[in-house]
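Me: I have a model open and would like to talk it through with you. Could you take it topic by topic?

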Amino acid sequence: MTQSQTPDGMWLRCDGCGEILYRKALERNFFICMRCGHHFRIFPEQYIKIILDNGLKELDSDLAPSDPLEFPQYREKLAKARSKTGKPDAFSYGKGKISGRPVVFGVMDFRFIGGSMGSVVGEKIARSIRLARNKRLPLIIVSTSGGARMHEGMFSLMQMAKTAAELGLLRQAHIPYISIPVDPCTGGVMASFASLGDIIISEPGALLGFAGPRVIENTIGEKLPKGFQRAEFLLKHGFLDMVVSRRDLKETLTRILSILWPQKQDESGTL
Ligand SMILES: [Zn+2]
């Protein structure tokens, strides 16, 4: 990730138009460029602030990964990511409220080894789905990831099946799951729970897909169409239900929840 994509520092250069923007003003504008509308990448704490009323009541916040394959440098990478994010892995979840409506909310952190899904991320996602089913609360997950975490090999890959199976049970219980894959969301995450939402919403310009464009071009031996794997292209081709400006994300979720889950909050579980 380049400095210009990271909302740190006082001044930031927009990747969309090159404009130099004052961080505080950008923050007030949901990290959307005031000039061209480019959506900067943001992190869990910002999504929690934008989407939830009063923060996240986090669960399993101390669940930390082990190194089952003794993969070279993995422990060092985990320690570095932990000191960078203050978290033991790349996914946080818990209960929260959206415009007064209780939900189970989860969010991935791209800063933590590219938001990759190992056994702890997969387990926590599975637990968040189970919590939504047990408490009968709608589930909302913001996903951003490079895919399965290679340092845990098959332990990572099996999380795809595990999260998908849990979502199958949630569906049987008729509880809605709104998936919000944001830039970038690829690989085993996009190929499992992130693409299994009853409603799938993304942000303008987000890159979403399984393999990257260069890999696909080399495999099929053809040039890909312009804008391939960007949110607008995917909306047009039926992969996404909506592309929503971050500014309107909370309002959109409120509207969807009022339709899909119209119970009063005291009937759908207490916080
Ligand atoms: Zn711009």
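Me: How many residues of domain 1 are in contact with domain 2?
Reply: Eight residues of domain 1 are in contact with ten residues of domain 2, where a contact means that two C-beta atoms, placed from the backbone, lie within 7 Å. By class, the side of domain 1 that touches domain 2 has five nonpolar, three polar and no charged residues; here Ala, Val, Leu, Ile, Met, Phe, Trp, Tyr, Cys and Pro count as nonpolar, Asp, Glu, Lys and Arg as charged, and the others, Gly among them, as polar.

Me: Where are the bounds of the two domains?
Reply: Domain 1 covers 1-40 and domain 2 covers 42-260, with bounds that come from an automatic or database domain assignment. Their C-alpha centres lie 23 Å apart. Residues are numbered from 1 along each chain as its sequence is written.

Me: What is the average pLDDT of the protein?
Reply: This is a predicted model, in which local features need pLDDT of at least 70, side-chain atom pairs count only at pLDDT 80 or more, and totals for chains, interfaces and linings use all residues. The average pLDDT, the predictor's confidence in each residue from 0 to 100, is 93, and 94% of the residues score at least 70. Over residues 1-5 the pLDDT is below 50, and this stretch has eight contacts in the model beyond near neighbours in sequence.

Me: Now the core: which residues have the most contacts inside the largest one?
Reply: They are F105, L139, I140 and L253, in a nonpolar core of 60 residues. Such a core is a set of buried Ala, Val, Leu, Ile, Met, Phe, Trp, Tyr and Cys residues joined through C-beta atoms within 7 Å. A residue is buried if 20 or more other C-beta atoms lie within 10 Å of its own, exposed if 12 or fewer, and partly exposed in between, again with C-beta atoms placed from the backbone.

Me: Is strand 6 mostly covered or open?
Reply: Strand 6 (residues 139-145) is mostly covered, with seven of its seven residues buried; strands here are DSSP runs of E with at least two residues, helices are runs of H or I with at least four, and both are numbered from the N terminus. L139, I141, S143 and S145 point one way from the strand and I140, V142 and T144 the other way, all of them buried.

Me: In which sense does strand 6 pair with strand 5 and with strand 7?
Reply: Strand 5 (residues 101-108) and strand 6 pair in the parallel sense over four bridges, and strand 6 and strand 7 are also parallel, over six bridges. Two strands count as paired if DSSP finds at least two bridges between them.

Me: What is the strand order in the whole sheet?
Reply: Seven strands form an open sheet in the order 3-4-5-6-7-8-9, with mixed pairing. Strand 3 (57-59) and strand 9 (242-243) stand at the edges, each with a single partner strand, so one side of each is left without a neighbour in the sheet.

Me: Which residues other than glycine have a positive phi?
Reply: Among them are S99, with a phi of about 50°, and Q229, with a phi near 75°. S99 is in the loop between strand 4 (91-98) and strand 5, whereas Q229 is in the loop between helix 7 and helix 8 (231-236).

Me: Is Q229 buried or exposed?
Reply: Q229 is buried, with 21 other C-beta atoms within 10 Å, whereas S99 counts as partly exposed, with 14 C-beta neighbours inside 10 Å.

Me: How many residues of helix 7 are buried?
Reply: Of the eight residues of helix 7 (residues 213-220), the number buried is zero, so this helix lies largely in the open.
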